[in-house]
Every structure is written in structure tokens, then in C-alpha cells.
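Student: I would like to go through some side-chain contacts and charged pairs in this chain. Can we take them one at a time?

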Amino acid sequence: MSKSPFLVYHDLSESNTLTLLAQPSKTKRKKMFIDYLKLHKKYPNSDIKCNIFADICNNVLLFCKTNQFSALKTSSLLSIYIITHDNNCENVNKALHLDDTYNYFEKQLLKHSVERPPFSIAIFTYPDIKKISRKISTR
């Protein structure tokens, strides 16, 4: 979607994010994630991978909904999860440690948590960061 170095409605538009947040059916949300994120293109010939990734996105969405995150925060956090996942997949032949993955995720989160143009943007607050960090470190 966007060409910005920041993940502001990068993978999901505001409209798509609001639609997902309003959808009560997990099954419909998963189908929407598969459609909106074009997961069949990302994982051709693998419905299992599409469904697993849609489940991950759904769990992030539910976390955001539980914590009353705005559409902007929800979309941005989903994009941080997506690029972290993509980074791991790109480095599949390298021996990435869990710490490397967490550090990458944390770097992206901080890039979206401090207003310091042109290097970072304040989407998430300190309390948000604490909640997100607690969520990611307990999985």
C-alpha cells in the first residue's frame, strides 16, 4: 500500500482494518485476511500456510481489539508482525535465534513509538509498548 518507511496502513487500509475489527466471525476474519493480504500469492499452493498466517493475524487483531487500539495502531502492529515474519522467512537458511527475531520486532516497534522525524513516528505509547512486549514475550 504505502511507500513510507513507516508502517502506517502499510498492509491493511484503514477501511479494511475497521471492517476486520467489526467482524464478529473468526472464520470470516480469516477469509478477509487471506483476501486483503493476498496470502494465496504469498503462499501459492499452500492453504495450510495461508490459514496459519491468517490465524496469527487474527490473534494480533484480537489483542488489539482487547486493548482498544485504534485502526492505525492495529494496522501498524499487524504490519510489524508481517515484516518480522517476512524477515525470518527471508533468512530461513541463516540460523536466526529467537533473540534476533525479538530484537528485529522490538526495533520496528520502537521505530513506531517515538516522534523523531524523519527516523521514527509516534503511533504507540509507552503503555502500548509494555502490553505488546508482554504479549510477544509470553508466546
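Student: Leaving aside neighbours within four places in sequence, which residues is Met 32 in contact with?
Tutor: This is a predicted model. Met 32 sits in helix α2, which covers residues 26-36. Once the neighbours within four places in sequence are set aside, the residues in contact with Met 32 are Thr 19, Leu 20 and Gln 23.

Student: How far apart in space are Met 32 and Thr 19, C-alpha to C-alpha?
Tutor: Thr 19 is among the contacts of Met 32. In sequence the two are 13 residues apart. From C-alpha to C-alpha, the distance between Met 32 and Thr 19 is 9.1 Å.

Student: Is Met 32 buried or exposed?
Tutor: The relative accessible area of Met 32 is 14%. Buried means under 20%. Met 32 is therefore buried.

Student: How many salt bridges does the structure hold?
Tutor: A pair counts when a side-chain nitrogen of Lys or Arg is within 4 Å of a carboxyl oxygen of Asp or Glu. One of the pairs joins Asp 128 and Lys 73. The number of salt bridges in the structure is four.

Student: Which residues are linked with Asp 55 in a network of salt bridges?
Tutor: Asp 55 forms a salt bridge with Lys 26, with 4.0 Å between the closest N and O atoms. That pair links helix α4 (residues 47-66), which holds Asp 55, to helix α2, which holds Lys 26, across 29 residues. Asp 55 also meets Lys 30 in a salt bridge, at 3.4 Å from N to O. The residues linked with Asp 55 in the network are Lys 26 and Lys 30.

Student: Lys 26 or Lys 30: which one is buried?
Tutor: Lys 26 has a relative accessible area of 45%, so this residue is partly exposed. For Lys 30 the value is 17%. Because the cut-off for buried is under 20%, the buried residue is Lys 30.

Student: Which helices hold Asp 128 and Lys 73?
Tutor: The side chains of Asp 128 and Lys 73 meet in a salt bridge, at 2.6 Å from N to O. The pair links parts of the chain 55 residues apart. Asp 128 is in residues 126-137 and Lys 73 in residues 71-90, that is, helix α7 and helix α5.

Student: What is the relative accessible area of Asp 128?
Tutor: Lys 73, the partner of Asp 128 in the salt bridge, counts as buried at 18% relative accessibility. Asp 128 is buried too, with a relative accessible area of 6%.

Notes:
Residues are numbered from 1 along each chain as its sequence is written. This is a predicted model: local features need pLDDT of at least 70, side-chain atom pairs count only at pLDDT 80 or more; totals for chains, interfaces and linings use all residues. Side-chain values use heavy atoms; hydrogens and water are left out. Helices (H or I, at least four residues) and strands (E, at least two) are DSSP runs, numbered from the N terminus. Buried means under 20% relative accessible area, exposed over 50%, partly exposed in between (1.4 Å probe, protein chains only). Contact means heavy atoms within 4.5 Å.
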